[in-house]
Amino acid sequence: MSDWKVLLADRIADAGKQILLDHAQVDDCPEISAEELHRDIGHYDAMVVRSRTQVTEALLKRAGRMKVVGRMGVGVDNIDLDAARSAGITVVNSPNATTIAVAELTMALMLDLARKTPRADGSMKKGHWDKKTLRGTELFGKTLGIIGIGRIGRAVAKRASGFGMRILGYDAFLTPDRVRENGAEPVSLDALYRKSDYISLHVPLTGVTRSMISAQTLERMKDGVHIVCAARGGVIDEAALLEALESGKVAGAGLDVFEVEPPGASPLVSHPRVITTPHIGAQTEEAQDRAAVDIATEILRALEGQELRWRVA
Ligand code: 3PG
């Protein structure tokens, strides 16, 4: 056993925890507060986080021993990558582990919007038999616009094709040929907005994607569009979405992520044509096991100075 000390600052599945325990001293603190983290960070060579923990410049400045931060999952918008680079701290993630889980949740949200299943279940639980008011629509024959057609977008395209949807794809970083290879007809963002019955976002939160779904972009969409987002909350301007729901421009939305999490008493959460879930995109047994093993092995590689598979900084 080496002298490495690893902090698990968020919840990590046992499969990954055990790998780290075999090689290092591990403190498992999934509920650690920001204050405690600031107080104790200086003791650790490595840290595992998910989206809950904010890895700020101020925190990294206190992390004198830190060699690597592992993001169990994909999104690194909670980590100050520039500050990590300046401090010489490596950042790794586990980008493959949660693809299927997020793609399946996206399909679930689309199906729930089309068939109103959450409402049907709620009314059954109240003892009602509201068959007449629960007429839905089919995904079959509808057009799905996928914004960001990388790993997750591609997995969504594959599944939605199986439902007989026409798939349009836009990706700021991929050539039209790559978009096609990933299972979608390549289109401009404007064409995607104009032609899609469903729009699903699979982009990270960056300066460019923040509020990309705004009053202006909503205006360009088809009347009665459905919007699904299991990516990052900030990519949708929630006030604009609410207004578009109220005007009828947007028929429904399925949201797993929010500008502020948890969103509290948000009018979007209580809106009758919005289906929400508490950022559970990656929250399956299989994805969590995969992500835990991937991040644990990647952290050990970083500590041992081996070649990295998923370095983000
Ligand atoms: C991700 O970026 O990997 C997902 O949004 C999951 O985030 P979580 O690990 O905090 O659930």
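V235 is buried, with a relative accessible area of 0%; buried means under 20%, exposed over 50%, and partly exposed in between, using a 1.4 Å probe and protein chains only. This is a predicted model, where local features need pLDDT of at least 70, side-chain atom pairs count only at pLDDT 80 or more, and totals for chains, interfaces and linings use all residues. Residues are numbered from 1 along each chain as its sequence is written, and side-chain values use heavy atoms, with hydrogens and water left out.

**Around V235**

- V235 sits in the loop between β10 and α11; helices (H or I, at least four residues) and strands (E, at least two) are DSSP runs, numbered from the N terminus.
- Not counting residues up to four places away in sequence, V235 touches L201, V203, P204, L205, T209, R210, S211, M212, I213 and C229, where contact means heavy atoms within 4.5 Å.
- From V235 to M165 it's 70 residues in sequence and 24 Å in space, C-alpha to C-alpha.

**The nonpolar cores**

- The largest nonpolar core has 32 residues, and I213, I227 and L241 have the most contacts inside it. Such a core is a set of buried Ala, Val, Leu, Ile, Met, Phe, Trp, Tyr and Cys residues joined through side-chain atoms within 4.5 Å.
- At least two residues of this core come from each of α9 (189-195), β9 (198-201), β10 (225-229), α11 (238-247) and β11 (250-255).
- α11 gives the largest share, five residues.
- Take L241: leaving out residues up to four places away in sequence, L241 touches L218, I227, I236, V250, A253, L255 and L268.
- Another core lies apart from this one; that other core has 25 residues, including A155, A160, V179 and A230.

**The ligand and its shell**

- Who surrounds the ligand? The residues are R50, S51, R71, M72, G73, V74, G75, R232, H279 and A282, each with a heavy atom within 4 Å of the ligand.
- That shell divides into three nonpolar, four polar and three charged residues. Here Ala, Val, Leu, Ile, Met, Phe, Trp, Tyr, Cys and Pro count as nonpolar, Asp, Glu, Lys and Arg as charged, and the others, Gly among them, as polar.
- An N or O atom in the R50 side chain is 2.8 Å from an oxygen atom of the ligand.
- For R71, a polar side-chain atom lies 3.0 Å from a ligand oxygen atom, and for H279 the distance from a polar side-chain atom to a ligand oxygen atom is 2.7 Å.
- On its own the ligand has 310 Å² of accessible area, and the protein covers 90% of that; the areas come from the Shrake-Rupley method with a 1.4 Å probe.

**S94 and its neighbours**

- S94 is in the loop between β5 (90-93) and α5 (99-115), and S94 is buried, with a relative accessible area of 0%.
- A polar atom of the S94 side chain lies 2.8 Å from the backbone nitrogen of G73.
- Leaving aside neighbours within four places in sequence, S94 is in contact with R71, M72, G73, V74, A291, D294, I295 and W310.

- The peptide bond from E261 to P262 is cis, with omega near -5°, and P262 is in the loop between β11 and α12 (267-270).
- K116 isn't a glycine, yet K116 has a positive phi of about 55°; K116 is in the loop between α5 and α6 (117-125).
- H279 isn't a glycine either, and has a positive phi of about 50°; H279 lies in the loop between β12 (274-276) and α13 (285-304).

Technical notes: A polar contact is a pair of N or O atoms within 3.5 Å; within protein, one must be able to donate a hydrogen and the other to accept it, and residues adjacent in sequence count only if both atoms are side-chain atoms.
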